[in-house]
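Biologist: I'm new to this one. Can you put it on screen and walk me through it?

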Amino acid sequence: MKRSEVNDILAWAEAFIRSYGYVLPPFAYWSPAQMKARRADIAGIVDARLGWDITDYGKGDFPGMGLFLFTVRNGNAADLPRGRGMLYAEKIMISRRDQIAPMHRHDVKAEDIINRGGGTLALKLYMSAPDGSIDKSARVHVPTDGVWRELEPGGILRLAPGESVTLLPGVWHAFWGEDKDVLIGEVSTVNDDETDNVFAEPIARFSQIEEDVEPTHLLVSDYRKWLG
């Protein structure tokens, strides 16, 4: 992706989020220079990888396969074995109309996916086989706002604004906005996007950025390069 495209998506996404009454935390609006100047104070942001995240999964077709995310809070995976500490994470995301977030699962993360507004959020779901691969014979069972739903393998679960689904580790899922762009909330176990995304196809979780202009804001995938 070109940095100019990333900057345009950031501006559009922030306006879309605000249109539903959701306001991002103050650090969302810091420039790269501000983040560099405050580097000694923001280990909690950098280490937890809080902030802006835009991906086209390395395919170069963001409108067709992509996702906008902003990680608002995130705990430490090292605390999970102890069962104490900040064991949770929160994201706000946008799935554009007919924009696919490709089929994947998580080994550790359990997550609630919440339609916060906009169109219908469609999710294609499979269970895992014993070896972790997609089980195309097992029926899917997922809780939706406290009510269990059953679908055929590869069935489509549709969530209207206000509805949610809980996806436990191992549940394969792909999703998209079906009729309009959708604002999505995610509440989950500690999030590790570098190691806990297993994709059905060989794709990249993070995009390579072509620096054709200066960044408006840094992405979480920029932190190592820009902030050390």
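Modeller: One term before we start: contact means heavy atoms within 4.5 Å. This is a predicted model, where local features need pLDDT of at least 70, side-chain atom pairs count only at pLDDT 80 or more, and totals for chains, interfaces and linings use all residues. Residues are numbered from 1 along each chain as its sequence is written, and side-chain values use heavy atoms, with hydrogens and water left out.

Biologist: Leaving aside neighbours within four places in sequence, which residues is Asn 191 in contact with?

Modeller: Asn 74, Ala 89, Lys 91, Lys 109 and Glu 186.

Biologist: Where is the place of Asn 191?

Modeller: Asn 191 is in the loop between E13 and strand E14 (198-199). Strands here are DSSP E runs of at least two residues, and helices are H or I runs of at least four, numbered from the N terminus.

Biologist: Buried or exposed?

Modeller: Asn 191 is buried, at 9% relative accessibility. Buried means under 20% relative accessible area, exposed over 50%, and partly exposed in between, with a 1.4 Å probe and protein chains only.

Biologist: What does the side chain of Asn 191 make a polar contact with?

Modeller: The side chain of Asp 193, at 3.0 Å. A polar contact is a pair of N or O atoms within 3.5 Å; within protein, one must be able to donate a hydrogen and the other to accept it, and residues adjacent in sequence count only if both atoms are side-chain atoms.

Biologist: And Asp 192?

Modeller: Asp 192 is in that E13-E14 loop too. Asp 192 is partly exposed, with a relative accessible area of 28%. A polar atom of its side chain lies 3.1 Å from the backbone nitrogen of Glu 194.

Biologist: How far apart are Asp 192 and Asn 74?

Modeller: They are 118 residues apart in sequence and 9.0 Å apart in space, C-alpha to C-alpha.

Biologist: What about pockets?

Modeller: The largest pocket has a volume of about 250 Å³. Of the 16 residues that line it, the closest to its centre are Ala 48, Arg 49, Asn 74, Asn 191 and Asp 192. Helix H3 (43-48) and strand E2 (67-74) are the elements giving two or more residues to that lining.

Biologist: How do you define a pocket?

Modeller: On a 1 Å grid over the protein atoms alone, a pocket is an open set of points with protein on both sides within 12 Å along at least five of seven lines. A cavity is a set where a 1.4 Å probe fits but cannot get out, and lining residues have an atom within 4 Å of a point. Points are joined across faces, edges and corners, and a volume is the space filled by probe spheres set on them.

Biologist: How many cavities of 30 Å³ or more are there?

Modeller: One, in a search of the whole structure. The largest cavity has a volume of about 150 Å³. Of its 18 lining residues, the closest to its centre are Leu 67, Leu 69, His 104, Phe 175 and Asn 197.

Biologist: New topic. In what order do the strands of the open sheet run?

Modeller: Six strands, in the order E1-E2-E3-E13-E5-E11, with antiparallel pairing. Two strands pair if DSSP finds at least two bridges between them.

Biologist: Which strands stand at the edges?

Modeller: E1 (51-55) and E11 (164-167). Each has a single partner strand, so one side of each is left without a neighbour in the sheet.

Biologist: How many bridges join E3 to E13?

Modeller: Eight, between residues 88-95 and residues 182-189. Ser 95 has Val 182 as its bridge partner in E13.
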